[in-house]
Amino acid sequence: MAEPTMHSDPVHAQATRKTMFKLLPLLGLIYFMSYIDRTNVSLAKTHLETDIGLSVAAYGLGAGIFFISYAFLEVPSNLIMYKIGPRIWITRIALSWGAVTALMMFVQGELSFYILRFVLGAAEAGLFPALAYMVTVWFAQHQRARIMGYIYLAPTIALIIGGPLGGALMEMNDLFGLHGWQWMFLVEGLVTVAIGGVLWFKLPSTPHQATWLSTAEADSLVAHAGVPDEADRKIRGNLGKAFGRPFIVLLALVYFLNQVASVGLVFNIPSIIETMDVSSPFVIGVISGSVGIGATIGVLVIPRLFAGSAREAQWLGAMALGTGLTAAAYLVVQAPAGRVLLIMLGAVFIFGTLPLFWSVAMARMTGIVAAAGLAFINTIGLIGGFIGPYLFGIFEARTGDPASGFVIVIIVSALSCLLVPFLSRALRRADQDRFDELLAAESGDTAVKEHQLTETPQNEGR
């Protein structure tokens, strides 16, 4: 019922436009670099095999082990972020992971590869849920699917141009005695550190800290975003709300399955492209960018089609079904051009799911519950990010074909579809519980006011 007022509020509309222009580029820039720095290892895969003897299975384990440390530190990281503020914590994340990315140039074998990937995950832990939490602070619920779609443009653009950029850096092979993959890690790591410095000076944590907003505009953003209840600001008693409610657990499982498929594919797309008789690192990077093209279409188009639909779980199921069917078609089609198009189409479904997914979660969390709950869901997804590359590595080691991992995509997509009816019921129950809580609170306020009115005359007559 409040939705029309939100849309017709000129102060809020102006504040939102300013925020999209000023804040989103900063969030997108750091997320862009995080995606490049975590996935650039895929471009170095075959070169690491040649230069330091890294096996296919070891690569799969090392690519995925990043997500283990990331996952275990996700919730603690976001709780710290909630206490000290997004600006300080996101800056810390950028500086530390940029430094570790640069140190990846010193990888010598399997053990050092595992250690640095593990440390990289620890350094980056908490970034995405911190960005998602900022969306809950700055934007109204009816805007969040679209805003998350804009934020997800960062990794999709990274997939488009990150491959060619990384491939170009790898063409610097033997310059000053360094391998091409060493130059790639060094340059991209140093760029991330520089961006971390920019965030320290430019990123406001809350609307009232933004110098480019008036007080009225900041007040409007806070009001429309939804101020958390006082009870939702305290850690005690809220961790159960963040971790244990059925809809959160089911969303976490759906996200887990999505990440098994998406991360497994992203980390193996270059080697899949190589099976199409492509050998130049730069050309492989360019063709690998087809994933980013499909992903960009997905994050821009799917949220607009969704547009706040009440059939949230069914939309997520439709995206999973599309992913599975596209993967099955890839295994049937043999023409390289057809396979590239199917990779693009699969990316539309895989990445187009994500803005919808986070909008569903954000609609039912505020305050510390949002900080912890979003981090918890992302933690479970990150475990999927570990398992995906590892399973792809096992399948490739046994079959000799990187594309055999599409079987995994089909399986996890089918499992996601099976979760849809359970998720639909859990979301209805969560909404009903919230309605009951609001109704009880409203009844309590009415009772207090009535009590005050009946007591006042008595007090005055004494």
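**Close-up 1. E396 and K45, a buried pair.** Both E396 and K45 are buried in this predicted model. Their side chains come together in a salt bridge, with 2.9 Å from N to O. E396 belongs to helix α21 (residues 367-399) and K45 to helix α4 (residues 45-52), so this contact ties together parts that are 351 residues apart in sequence.

**Close-up 2. K18 and E217, joined by a salt bridge.** Here we turn to another pair of side chains, those of K18 and E217, which meet in a salt bridge at 3.1 Å, N to O. K18 sits in helix α2 (residues 10-22) and E217 in helix α13 (residues 215-225), so the pair links parts that are 199 residues apart in sequence. E217, at 5% relative accessibility, counts as buried. If you are keeping a tally, the structure has 2 salt bridges by the rule used here.

**Close-up 3. Helix α20, largely enclosed.** Now for a view of a whole helix: α20 runs through residues 336-362 and has 27 residues. From its first C-alpha to its last it reaches 40 Å, close to the 39 Å expected at 1.5 Å a residue. Why is α20 described as largely enclosed by the rest of the structure? Because 22 of its 27 residues are buried, where buried means under 20% relative accessible area.

Technical notes: Residues numbered from 1 in each chain as written. Predicted model: local features only at pLDDT ≥ 70, side-chain atom pairs only at ≥ 80, totals over all residues. Heavy atoms only, no water. Helix = DSSP H or I, 4+ residues; strand = E, 2+ residues; numbered from the N terminus. Expected span 1.5 Å × (residues − 1). Buried < 20%, exposed > 50% of the residue type's maximum accessible area, 1.4 Å probe, protein only. Salt bridge = Lys/Arg side-chain N within 4 Å of Asp/Glu carboxyl O.
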